[in-house]
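Reader: I am new to this structure, and I would like to learn how its strands can be read. Could you take me through them step by step?

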Amino acid sequence: MGNDGGSIPTRRELVKYDARTPTVSELKATALESLSHAWTHDPLTSERLDMENVVSDWRGRLYNYESVLRGLMPNGDDDDTAPALVNGESPELTFASTGIKSLRDVVKLKFKRFTPSGTKGKVIWACPVSQKELGPATRAVYLVPCGHVFADVAIKQIQEDACPECSEKFAAGDAIPILPTEKADLESLTTRISDLRAKGLTHSLKKDRRNGKKKRKAEETNGDGSFKSQKTKATSKPDGNSRVSGINNAMTASLTARVLAEQEERNKRRKLAAAAQ
């Protein structure tokens, strides 16, 4: 073709060789690459994790606190449920699929900074007991309810029922593996959250307020499902300032204020766009 001395390959030549089965080492490399991404990026937004503001759900997944807060905020006039695009692509995980209904369904993780000797000031996130670097190469766990993170081998060696950092008590089943891949770990976590929900508790071991709401709703309805007549007081919808003022944690209050401001600005732009049409 083109008198360049080349030839066009036939179909038989193109499919001459079967697809090669990946080797064990290649499969491990692929799994490590996927795990490394999960250790450094939020699965909801694909943004890099801020290790000082990371939370985790009962599955051991890692999220930025701000992305969870955004997911929990009411949408207001925003009826678009499609996930936001990141770099032109949709994130693989949606907030609805996480099952997170309140901040009680996540635990704030507390990572420890460490500077190894001979690294010219390089700072890593490490286990405070074994000083192993925490990441895809180290099996790590965090304790509920305190949220301190350790290497799994360190927790197994000390064999105590109190956190080595804050001395808060924890049960054996409340050492949650971070980003577990083994089937036994996944089954254990599923059993744990099922037992907690049966007791009316959330992942953080706090009471599940949704159960109380369901009970009150049942008390307010008649046997046929209709609502009982009650005198209700008119209440005004709280504004953003009142929401923030009721939050004691400074970090939570600042993030909430920022999310509310962005949400209000987005709703204003949508109203102006709708009015211009």
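Predicted model: local features only at pLDDT ≥ 70, side-chain atom pairs only at ≥ 80, totals over all residues.

Reader: How do the strands of a sheet pair in general?

Author: Strands of a sheet pair through backbone hydrogen bonds, and the pairing may be parallel or antiparallel. In this structure, strand E6 (residues 140-143) pairs with strand E7 (residues 149-151) in the antiparallel sense over three bridges, and Val141 has Phe150 of E7 as its bridge partner. E6 is also joined by three bridges to strand E8 (residues 175-177), again running antiparallel, with Tyr142 standing opposite Ile176 in E8.

Reader: What do E6 and E7 form, and how many residues lie between them?

Author: They form a hairpin with five residues between the two strands, and in the turn Gly147 has a positive phi of about 90°.

Reader: Which way do the residues of E6 point, and are they buried or exposed?

Author: Ala140 and Tyr142 point one way from the strand, whereas Val141 and Leu143 point the other way, and all of them are buried.

Reader: In what order do the strands of the open sheet of three strands come?

Author: The order is E2-E1-E3, with antiparallel pairing. Strand E2 (62-64) and strand E3 (107-108) are at the edges and each has a single partner strand, so one side of each is left without a neighbour in the sheet. Strand E1 (residues 54-56) is joined to E3 by two bridges, and Val55 has Lys108 in E3 as its bridge partner.

Reader: Which strands does helix H3 lie across?

Author: Helix H3 (residues 65-72) lies across E1 and E2, and runs at about 75° to E2.

Conventions:
Residues numbered from 1 in each chain as written. Heavy atoms only, no water. Buried < 20%, exposed > 50% of the residue type's maximum accessible area, 1.4 Å probe, protein only. Helix = DSSP H or I, 4+ residues; strand = E, 2+ residues; numbered from the N terminus. Pairing = 2+ DSSP bridges. Contact = heavy atoms within 4.5 Å. Axes fitted to C-alpha atoms, helices over the stretch in contact; angles between N-to-C directions.
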